[in-house]
Amino acid sequence: MSQEAERVYTINLGKVWLSPDNQRAKRAINMIKEFAEHHMKTEQIKIDQEAKPAGLEARNSEPT
């Protein structure tokens with residue numbers, strides 16, 4: 001039996017802005033995963049595509 005739980009949290013992503021522009025999306029996703037692992041006490045974390053930080057998706061490429 002698997003117990004699935006849906007929870008709503010507010011995660012402070014302020015430290016994302018300390019990263020370079022092309023690293024911010026990756027750092028934001030890692031911060032969300034670490035927060036979820038810590039608070040839900042599990043290693044099986046799935047992040048919905050809609051939950052990805054808006055505005056950071058396009059910046060995960062090399063600067064031109």
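Figure 1. The view is taken from a predicted model. One aromatic pair is present in the structure. The pair is formed by Y9 and F35, whose ring centres are 5.4 Å apart; the ring planes meet at 75 degrees, over the limit of 60, and the pair is therefore edge-to-face. F35 belongs to helix α1, whereas Y9 is found in the segment before α1 (24–40), so the pair ties together parts separated by 26 residues in sequence.

**Figure 2. R24 and its contact with D21.** R24 is located in helix α1. Its relative accessibility is 10%, and because buried means under 20%, R24 counts as buried. The side chain of R24 is joined to the side chain of D21 by a polar contact of 2.9 Å.

Figure 3. G14 is part of the segment before α1. With a relative accessibility of 39%, which falls between the limits of 20% and 50%, G14 counts as partly exposed. From C-alpha to C-alpha, G14 and A28 are 9.3 Å apart in space, and 14 residues separate the two in sequence.

**Figure 4. The largest pocket.** The volume of the largest pocket is about 860 Å³. Its lining is made up of 21 residues, and those closest to the centre of the pocket are A5, R7, M40, I45 and K46. By residue class, the lining of the largest pocket holds 11 nonpolar, 4 polar and 6 charged residues.

**Figure 5. The chain as a whole.** The chain has 1 helix and 0 strands. Among the contacts in the chain with a separation of 6 or more, 47% are between residues 24 or more positions apart.

Methods
Residues are numbered from 1 along each chain as its sequence is written. This is a predicted model: local features need pLDDT of at least 70, side-chain atom pairs count only at pLDDT 80 or more; totals for chains, interfaces and linings use all residues. Side-chain values use heavy atoms; hydrogens and water are left out. On a 1 Å grid over the protein atoms alone, a cavity is a set of points where a 1.4 Å probe fits but cannot get out, and a pocket is an open set with protein on both sides within 12 Å along at least five of seven lines; lining residues have an atom within 4 Å of a point. Grid points are joined across faces, edges and corners, and a volume is the space filled by probe spheres set on the points. Ala, Val, Leu, Ile, Met, Phe, Trp, Tyr, Cys and Pro count as nonpolar, Asp, Glu, Lys and Arg as charged, and the others, Gly among them, as polar. Rings of Phe, Tyr and Trp (its six-membered ring) pair if their centres lie within 6.5 Å; planes under 30 degrees apart count as stacked, over 60 as edge-to-face and the rest as tilted. Helices (H or I, at least four residues) and strands (E, at least two) are DSSP runs, numbered from the N terminus. Buried means under 20% relative accessible area, exposed over 50%, partly exposed in between (1.4 Å probe, protein chains only). A polar contact is a pair of N or O atoms within 3.5 Å; within protein, one must be able to donate a hydrogen and the other to accept it, and residues adjacent in sequence count only if both atoms are side-chain atoms. Contact means heavy atoms within 4.5 Å.
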